[in-house]
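Here is a friendly walk through one structure, in questions and answers. Have a look at the sequence and the coordinates, and then let's start with a loop.

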Amino acid sequence: MHSNEFIQFFDGGVEPKLENLGGKGASLVTMTSAGMPVPPGFVVTTAQFDRFMQEAGITGHIHQLLAGLDPEDVAQVDAVSAAIREDICSRPVPADMRAQTIEAYEDLMSRFDEPVPVAVRSSATAEDLPDASFAGQQDTYLWLEGFAAVGEHIRSCWASLYTSRAIIYRLKNNIPNEGLSMAVVVQKMVNAKVSGVAMTLDPANGDRSKITIDASYGVGEMVVSGQVTPDNIVLDKVTLVSVSEHVGDKHAELVPDASARSLVEREVDAERRSRRCLTDDELKAVAQMAKRAEKHYKCPQDIEWALDHDLPDGENLLLLQSRPETVHSAKKSAAPASTPGTGGYASVLGAGITSPKAPDTAGNAAPGAPTSGIAGSPASGASGFSLGSITASLTKASI
């Protein structure tokens with residue numbers, strides 16, 4: 001299938017445009033074009049969302065609901081958000097657009113020996129920008145199998161343009177609702193044995209001569225949400241020598257359970273807790289990937305990464321997302337280095353971001369629940385998990 005107005009493949013050879021792909025989608029297409037190891041996928045473009053909203057005839061009503069809304073009145077914002085999202089999710093997708101999305105999904109599945117789980121990720125036009133921080137404001141749905149689940153959650157991502165936290169952020173920052181649009185990323189999942197985040201500066205003080213890495217076992221949602229204390233390592237950006245290091249407790253991990261066909265929270269044994277979850281070579285590889293992203297984008301980056309359990313060592317580091325760092329990167333100089341907190345900076349980034357559905361008391365992730373964790377790593381979903389040959393898929397173009 002060729003990329004078109006409504007569908008753009010990461011490796012489709014079409015120039016990424018923010019207005020078509022949103023921040024996340026544009027970044028993934030850009031990184032793929034640059035030869036970075038990005039799990040394959042495609043973007044349902046903003047043109048599909050715009051047409052859906054036009055044919056549904058609800059845009060005017062949404063603007064009326066949002067007009068004069070007080071961002072401090074959380075109860076009222078919640079009520080308006082719920083009404084808008086329910087309205088969007090109840091509307092049918094035009095048949096021709098749905099057919100094109102099905103074809104794109106089937107094309108992606110054809111790259112593997114058998115069908116594989118995917119992540120369905122929101123990609124708003126006003127996110128991942130150098131002067132704004134929208135992380136966690138729209139939904140991501142992970143570990144989904146079959147187009148029925150994928151199609152349902154694409155529409156849920158459209159609706160998440162109007163989450164309470166997104167509405168409040170836009171109101172407080174005087175960002176108009178007119179002209180907003182939403183693309184949706186559909187991307188191959190990663191069977192993460194270790195995952196985390198990295199920044200090409202020290203987020204404690206903005207020191208650009210450092211790279212800071214947080215890492216923990218399993219998928220990354222528990223790192224960003226602050227459910228675990230990850231390893232936190234600060235490296236010199238030039239020599240990649242460790243400047244400071246804190247081995248976190250890492251008491252639990254989210255891992256796929258083949259029999260349950262879902263993710264489960266599993267306790268990490270004492271020996272694994274007590275040691276760093278990345279080897280020296282893996283730590284260096286993550287830092288080099290972060291530097292490569294910064295060099296490509298020409299500004300400090302906040303990246304998400306994972307080591308895939310199903311790929312051989314040395315070939316298993318995957319880049320899930322790279323976005324501009326928005327707190328310190330605009331400053332001309334950085335303060336002297338300081339010792340990072342024991343919780344790691346990812347837990348600070350995730351503070352105040354809550355998933356609408358949490359794992360149940362048995363530790364099982366809620367099927368299809370949205371998450372604000374490391375995107376592209378499985379946190380929840382409908383069913384199934386296997387990697388397939390991601391190496392082959394990265395070299396097999398679909399244009």
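Q: Is Lys-298 buried or exposed?
A: This is a predicted model, in which local features need pLDDT of at least 70 and side-chain atom pairs count only at pLDDT 80 or more, while totals for chains, interfaces and linings use all residues. Residues are numbered from 1 along each chain as its sequence is written, and side-chain values use heavy atoms, with hydrogens and water left out. Buried means under 20% relative accessible area, exposed over 50% and partly exposed in between, with a 1.4 Å probe and protein chains only. The relative accessibility of Lys-298 is 72%, so the residue counts as exposed.

Q: What is the phi of Lys-298?
A: Most residues other than glycine have a negative phi. Lys-298, found in the loop between H10 and S12, has a positive value instead, near 65°.

Q: Is Lys-250 buried or exposed?
A: Lys-250 sits in the loop between S9 and strand S10 (252–257). Although not a glycine, Lys-250 has a positive phi of about 45°. Its relative accessible area is 0%, so Lys-250 is buried.

Q: How many helices and strands are there in the protein?
A: Helices (H or I, at least four residues) and strands (E, at least two) are DSSP runs, numbered from the N terminus. Counted this way, the protein has 12 helices and 14 strands.

Q: Which residue in the turn between S8 and S9 has a positive phi?
A: Strand S8 (residues 231–236) and strand S9 (residues 242–246) run antiparallel and are joined by 4 bridges. Within this pairing, Ile-233 has Glu-245 of S9 as its bridge partner. The two strands form a hairpin with 5 residues between them, and the turn residue with a positive phi, about 60°, is Leu-240.

Q: How far apart are the end C-alpha atoms of helix H5?
A: The expected span of a helix is 1.5 Å times one less than its number of residues. The 15 residues of H5 (residues 95–109) should therefore span 21 Å, and this agrees with the separation of the end C-alpha atoms, 21 Å.

Q: Which residues of H5 are buried?
A: The buried residues of this helix pack against several elements, including strand S1 (7–9), helix H2 (46–56) and helix H6 (147–159). The buried residues of H5 are Met-97, Thr-101, Ala-104, Tyr-105, Asp-107, Leu-108 and Met-109.

Q: How many aromatic pairs are there?
A: Rings of Phe, Tyr and Trp (its six-membered ring) pair if their centres lie within 6.5 Å; planes under 30 degrees apart count as stacked, over 60 as edge-to-face and the rest as tilted. By this rule the count is 4.

Q: How far apart are the ring centres of Phe-9 and Phe-42?
A: Phe-9 lies in strand S1 and Phe-42 in strand S2, so the pair ties together parts that are 33 residues apart in sequence. Both Phe-9 and Phe-42 are buried. Their planes stand at 55°, so the pair is tilted, and the centres are apart by 5.7 Å.

Q: Is Tyr-162 buried or exposed?
A: Tyr-162 lies in the loop between H6 and helix H7 (164–172). Leaving aside neighbours within four places in sequence, its contacts include Ile-62, Leu-66 and Arg-170. With 4% relative accessibility, Tyr-162 counts as buried.

Technical notes. Contact means heavy atoms within 4.5 Å. Two strands pair if DSSP finds at least two bridges between them.
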